[in-house]
Amino acid sequence: MKKYALVTGGSRGIGRSICLKLAQMNYFVLINYKSNIGEAQRTLEMIENNGGSGALMPFDVAKPDEINAALMQWQEQNADSYIEILVNNAGIRRDNLMFWLTDNEWEDVISTNLDGAFYITRNLVKFMLNKKFGRIINIVSISGINGMAGQTNYSAAKAGLIGLTKALALETAKKRVTVNAVAPGFIHTDMTGDLPVDELKKLVPAQRFGQPEEVAELVGFLASDKADYITGQVISVSGGL
């Protein structure tokens, strides 16, 4: 029987690397994306070229109606299966100092980074509990742990997702559904492409930015049976930052 995993924001960067890792673990990977179908198809091609399998699942994580419609359609078409691995990875940045932060910059970041994870997880966790197995892995950020100037919106969203992780883990542990968070530091992706790398890497004890594959390896472990006794944790991949 096929085993299914859903990765939100799976078309590029950390999300793409996570999709590739889960495919290597013999999961049929549902690649969520919002609008960039070209990059999403590229992720699927990479999976298939490596002998894996998957499919595209487009919806905007900031829109509950789109989430519910996509997941309901999938469940109707796969009545005997369920999504046992959920990686809430989709995220955006709209950096600004708080006194310049617009309503839209606040709301867009909160709805994409936090609200979306809530709506998707609420939809899928009931199936995991019923089957008595599941893995929910939330991609947060060092910004949500330490805070970062110019990122009050992003830090708040990621800190909220950390709180969700810890609380939900307590609700689901008895049913072998683990809930953990992975907190990347500075990782080479499109999202960090506008950052001053040479300056920021001086702040990192490891003296470099990380690679998406390094985050994906941890996600793969947390998704595996070997991590059955790990839940409610926030693990940083940050070079010691």
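Which residues does Lys166 touch, not counting residues up to four places away in sequence? I looked this up before anything else, working from a predicted model.

**Entry: Lys166**

I found that Lys166 touches Gly232 and Val234 once residues up to four places away in sequence are left out. I placed Lys166 in helix α6. Its relative accessibility is 42%, so I noted Lys166 as partly exposed. I also took the C-alpha separation between Lys166 and Val179, which is 7.4 Å for two residues 13 apart along the chain.

**Entry: the whole chain**

I counted 8 helices and 7 strands in the chain. Along the principal axes, the C-alpha atoms fill a box of roughly 50 × 35 × 35 Å.

I then looked at burial and found that 51% of the 241 residues are buried. The chain exposes about 11,600 Å², and 51% of that area is supplied by carbon and sulfur atoms. For contacts with a separation of 6 or more, I noted that 71% are between residues 24 or more positions apart.

**Entry: the nonpolar cores**

Which members of the largest nonpolar core touch the most other members? I listed Ile18, Leu22, Val29, Val87, Ile137, Val182 and Val219, out of 27 residues in that core. The elements that give two or more residues to this core are the strands β1 (3-7), β2 (27-33), β4 (83-88) and β5 (134-139), together with the helices α1 (13-24), α2 (37-49) and α8 (212-223).

I followed up Ile18 on its own. Beyond residues up to four places away in sequence, Ile18 touches Val7, Val87, Asn89, Ile139, Ala216 and Val219. I also recorded another core, which lies apart from the largest one and has 25 residues, including Tyr4, Leu6, Val61 and Leu71.

**Entry: Val125**

Is Val125 buried or exposed? At 11% relative accessibility it counts as buried, because the cut-off for buried is under 20%. I placed Val125 in helix α4, which spans residues 103-131. With neighbours within four places in sequence set aside, Val125 is in contact with Ile136 and Thr172. I also checked Val125 against Ile85: the two are 40 residues apart along the chain, and their C-alpha atoms are separated by 9.8 Å.

**Entry: aromatic rings**

How many aromatic pairs does the structure hold? I noted 5. Tyr4, Phe28 and Trp74 form one aromatic cluster. Tyr4 had already come up as a member of the 25-residue core. I also found Lys3 over the face of Tyr27, at 4.5 Å from the ring centre.

**Entry: positive phi**

I looked for backbone angles worth a note, since most residues other than glycine have a negative phi. Lys132 has a positive phi, near 60 degrees, and I found Lys132 in the loop between α4 and β5. Arg176 is not a glycine either, and its phi is positive at about 60 degrees.

Where is Arg176 placed? I found Arg176 in the loop between α6 (152-172) and β6 (177-184). Its relative accessibility is 38%, so Arg176 counts as partly exposed. Helix α6 was already in my notes as the helix that holds Lys166.

Note on methods: Residues numbered from 1 in each chain as written. Predicted model: local features only at pLDDT ≥ 70, side-chain atom pairs only at ≥ 80, totals over all residues. Heavy atoms only, no water. Phe/Tyr/Trp six-rings, centres within 6.5 Å; stacked < 30°, edge-to-face > 60°. Lys NZ or Arg CZ within 6 Å of the ring centre and 35° of its normal. Helix = DSSP H or I, 4+ residues; strand = E, 2+ residues; numbered from the N terminus. Buried < 20%, exposed > 50% of the residue type's maximum accessible area, 1.4 Å probe, protein only. Contact = heavy atoms within 4.5 Å. Areas by Shrake-Rupley, 256 points an atom, 1.4 Å probe, with all protein chains shown as cover. Core = buried A, V, L, I, M, F, W, Y, C linked by side-chain atoms within 4.5 Å.
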